[in-house]
Amino acid sequence: MAKKISIPISDHTTAGVCTLWYQVDYKLNSEIGYTSLPPVYAGTVEINNVLAASTYDVRIVRNCCDGVQSAPLVLSVNT
């Protein structure tokens, strides 16, 4: 049965940081290449139709107003 991964974005309004959007990529832990989501501008990252009882790697990069990108945050998520 397909499941959904939800990851809240809580630092979007951090004082002194102007965030334009987040680049979110994900893959099954056993795969090599990532799949990219459309840009996420605020709220919650949602990845739909993931497999149950699986581990996914999720990579999130903040793209700031000044053109700077954050280092990738990589999470392992069990469904």
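Start by selecting aspartate 57, which counts as buried at 10% relative accessibility. Here, buried means under 20% relative accessible area, exposed means over 50%, and partly exposed is in between, using a 1.4 Å probe and protein chains only. Before you go on, know that this is a predicted model: local features need pLDDT of at least 70, side-chain atom pairs count only at pLDDT 80 or more, and totals for chains, interfaces and linings use all residues. Residues are numbered from 1 along each chain as its sequence is written, and side-chain values use heavy atoms, with hydrogens and water left out.

What do the side chains of aspartate 57 and lysine 27 meet in? They meet in a salt bridge, at 3.3 Å from N to O. The term stands for a side-chain nitrogen of Lys or Arg within 4 Å of a carboxyl oxygen of Asp or Glu. This pair links distant parts of the chain: aspartate 57 sits in strand S5, lysine 27 in strand S2, and they are 30 residues apart. Lysine 27 is buried too, with a relative accessible area of 10%.

Next stop: select arginine 59 and aspartate 25. These two form a salt bridge, and their closest N and O atoms are 3.2 Å apart. Again, distant parts of the chain are linked, with arginine 59 in strand S5 (residues 55-64) and aspartate 25 in strand S2 (residues 19-28), 34 residues apart. Which of the two is buried and which is partly exposed? Aspartate 25 is buried, with a relative accessible area of 6%, while arginine 59 is partly exposed at 26%.

Now jump to lysine 4 and glutamate 46, whose side chains meet in a salt bridge (3.7 Å, N to O). Lysine 4 belongs to strand S1 (residues 2-8) and glutamate 46 to strand S4 (residues 44-51), so to speak two distant parts of the chain, 42 residues apart. Lysine 4 is partly exposed, with a relative accessible area of 45%, and glutamate 46 is partly exposed at 39%. How many salt bridges does the structure hold? Three.

Finally, clear your selection and colour by secondary structure. You'll find zero helices and six strands; helices (H or I, at least four residues) and strands (E, at least two) are DSSP runs, numbered from the N terminus. Of the 79 residues of the chain, 34% count as buried.
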